[in-house]
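Visitor: I am new to this structure. Could you show me how to read a few of its features?

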Amino acid sequence: MLIPGLVCAVLSVVLMRTGFLAFFFLVPLGYAAVVFNSMFAWFACVIAIGLNAVFSLGMSLLFRGGISGSGLDIFYFSVLALGFTWIMAGGIIPNIRTMYRFIAAAAAGALTFFSVILLASRDPVLSGVIRSQVEMISSAYITSQGADAARQSFLERLLTPERILETITAITMRGGALVSAFFLLFISRQTAYIIARLFRRRPLSSTGELSRFHVPANTIWVLSVCLLVLLLSRLLKAELAEIAAWNVLTICAILFLAQGSGIVLHTLIQRPMPPLLRLLCNVLIIVLIFSPGINMFALGGLVLLGIAENWLPLRLPKNNGPASTPGL
């Protein structure tokens with residue numbers, strides 16, 4: 001049992017440093033929880049955190065990159081690994097629904113994202129790297145717009161590195177970090193279940209769990225209050241209140257997104273479906289999330305569907321048997 005745990009931990013650390021595949025560095029830890037058990041998953045998580053810390057510190061000493069960069073890497077990896085393992089395996093605080101573990105872990109991940117950006121901006125070396133990357137992206141975009149000198153001049157004034165960094169920071173503080181953390185955790189969880197189904201033929205029990213998820217009744221009022229606070233804070237230029245309102249609003253939207261997804265899954269479960277087709281539906285969900293443009297309409301529609309269930313009975317139980325009361 002120790003060897004598979006070590007393999008999952010090593011894969012997690014390796015994926016963290018493989019470019020685009022770094023997005024899936026949590027998947028091996030999720031696979032450990034799905035295929036084995038809670039204790040095994042926590043073992044893999046602790047080993048992965050230790051290996052990542054040793055590797056990061058070793059690389060910083062070898063290439064003299066400074067302790068600050070390795071410290072941010074260790075902090076980022078550790079927080080997300082612990083939060084994701086809690087989602088998948090539970091065990092730290094019992095009797096908490098998976099969705100609320102998602103929200104707590106996403107909030108911790110969002111604080112981690114923002115802390116990393118804030119600390120990186122204060123480090124001369126890291127801030128220089130970030131600025132050079134932003135300048136490269138801005139220059140490439142301006143160049144791709146054609147040879148119109150007037151248009152290029154306008155874009156050069158508009159897309160300065162300072163403005164781009166300010167926009168990124170503003171979006172990050174106003175729910176962007178929370179959304180990024182949530183979807184990183186969600187995609188990692190779904191991918192872990194899909195891989196477990198492919199290699200171990202294990203049932204995707206998360207589908208049934210999500211299909212029964214209901215947002216607490218008062219959430220719609222929290223959403224309404226947040227919209228009002230957001231409007232007033234913009235009028236009064238109260239930035240802290242606006243940031244708080246955006247983040248609470250984002251949490252409400254995520255909850256209604258889960259409820260809307262539950263309605264769709266409930267509808268699919270009520271209909272007989274081959275296992276392969278059900279697996280393809282899970283893959284389709286991931287594809288939709290990664291498809292620019294389409295994902296915004298799909299996710300927005302699911303949020304609205306989740307909100308609509310506050311007034312419409314969209315998940316009535318299927319009843320093919322006789323009525324429980326005689327004569328009905």
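Guide: Let us look at a helix pair, then a salt bridge.

Guide: This is a predicted model, where local features need pLDDT of at least 70, side-chain atom pairs count only at pLDDT 80 or more, and totals for chains, interfaces and linings use all residues. Residues are numbered from 1 along each chain as its sequence is written, and side-chain values use heavy atoms, leaving out hydrogens and water.

Visitor: At what angle do helix 1 and helix 2 pack?

Guide: Axes are lines fitted to C-alpha atoms, for helices over the stretch in contact, and angles run from 0 to 180 degrees between N-to-C directions. Helices are DSSP runs (H or I, at least four residues), numbered from the N terminus. Here helix 1 (residues 2-15) and helix 2 (residues 27-35) pack at about 155 degrees, their axes 7 Å apart. That makes the two helices roughly antiparallel (over 145 degrees).

Visitor: Which residues of helix 1 and helix 2 meet?

Guide: Contact means heavy atoms within 4.5 Å. Cys-8, Leu-11, Ser-12 and Leu-15 of helix 1 meet Pro-28, Leu-29, Tyr-31 and Ala-32 of helix 2.

Visitor: How many salt bridges does a search of the whole structure find?

Guide: A salt bridge puts a side-chain nitrogen of Lys or Arg within 4 Å of a carboxyl oxygen of Asp or Glu. The search finds four. Arg-17 lies in the loop between helix 1 and helix 2 and Asp-73 in helix 4 (residues 67-89), so the pair ties together parts 56 residues apart in sequence.

Terms used
Angles under 35 degrees count as roughly parallel, over 145 as roughly antiparallel, 65 to 115 as roughly perpendicular and the rest as oblique.
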